[in-house]
Amino acid sequence: MQIDILKEENLTPEIQTRVNQLFKQLAPHLRPLNLKQVLRDENQVTIMLCKENEQILGMASLCEYQAVSGKKGWIEDVVVDENARGKGIGRKLMEKLLEISKDRAIAEVLLFTGHHRLPAMALYESLGFKLRKSGLYFISNR
């Protein structure tokens with residue numbers, strides 16, 4: 001099993017297809033963006049892929065931004081193929097993203113998960129994430 005950063009120059013139609021398939025397991029009601037858009041230089045996103053025998057089994061991304069309150073990271077799109085769960089892939093992806101966040105001096109890493117995703121919540125808590133007692137508001141422009 002290997003964990004690698006997806007670089008734009010390594011992007012292939014096969015990788016795009018597989019990422020789309022994984023994303024559909026995470027959010028079947030959303031349409032994923034083309035990875036060329038996501039991996040543009042001005043978009044500070046790091047996408048990690050977990051591969052085994054050249055097959056992509058999981059992914060996670062770290063989005064970076066700076067606010068008056070400091071440099072922040074937001075973890076998005078954490079998903080492991082339903083047939084590969086329970087092997088520690090999600091943990092490995094998260095650990096790598098947290099390592100990168102420390103290397104980049106990101107002061108705070110945030111993430112959101114649905115309350116129904118109990119295994120994900122257990123993973124995040126085991127990695128040291130704490131649940132904030134605040135409301136998350138959103139508006140969809142789709």
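Analyst: Strand E4 gives the largest share of the lining of the largest pocket, five residues. The model is a predicted one. The space in this pocket is about 1,300 Å³. Its lining counts 38 residues, and those closest to the centre are Phe23, Leu30, Glu76, Asp77 and Arg142. Two or more lining residues come from each of these elements: H1, helix H2 (35–38), E2, E3 and E4.

Take H1 next. This helix covers residues 13–26, and Gln16 is found in it. Is Gln16 buried or exposed? Its relative accessible area is 13%. The cut-off for buried is under 20%, so Gln16 counts as buried. The side chain of Gln16 makes a polar contact of 2.8 Å with the side chain of Asn20. Beyond its neighbours within four places in sequence, Gln16 touches Leu11, Leu33, Asn34 and Leu35.

Now the strands. The loop between E2 and E3 holds Asn53 and also Glu54. Neither backbone takes a negative phi: Asn53 sits at about 55° without being a glycine, and Glu54, also not a glycine, is near 65°. Exposed means over 50% relative accessible area. Asn53 reaches 75%, so it counts as exposed. Glu54 reaches 66%, so it counts as exposed too.

E2, E3 and E4 lead on to helix H3. Strands E2 (45–52), E3 (55–67) and E4 (70–80) are among the elements that cover the buried residues of H3. Strand E1 (2–5), strand E5 (108–111) and helix H4 (118–126) are also part of that cover.

Which residues of H3 are buried? They are Ile89, Gly90, Leu93, Met94, Leu97, Leu98, Ile100 and Ser101. Their arc around the axis is only 165°, so they lie on the same side of H3. The face turned away from that buried side carries Lys102 and Asp103, both exposed.

Just after H3, Ala105 has a positive phi of about 55°.

To sum up, E2, E3 and E4 each give two or more residues to the pocket lining. These strands also take part in covering the buried residues of H3.

Technical notes. Residues are numbered from 1 along each chain as its sequence is written. This is a predicted model: local features need pLDDT of at least 70, side-chain atom pairs count only at pLDDT 80 or more; totals for chains, interfaces and linings use all residues. Side-chain values use heavy atoms; hydrogens and water are left out. Buried means under 20% relative accessible area, exposed over 50%, partly exposed in between (1.4 Å probe, protein chains only). Helices (H or I, at least four residues) and strands (E, at least two) are DSSP runs, numbered from the N terminus. The arc is that of the directions from the helix axis to the C-beta atoms. Contact means heavy atoms within 4.5 Å. A polar contact is a pair of N or O atoms within 3.5 Å; within protein, one must be able to donate a hydrogen and the other to accept it, and residues adjacent in sequence count only if both atoms are side-chain atoms. On a 1 Å grid over the protein atoms alone, a cavity is a set of points where a 1.4 Å probe fits but cannot get out, and a pocket is an open set with protein on both sides within 12 Å along at least five of seven lines; lining residues have an atom within 4 Å of a point. Grid points are joined across faces, edges and corners, and a volume is the space filled by probe spheres set on the points.
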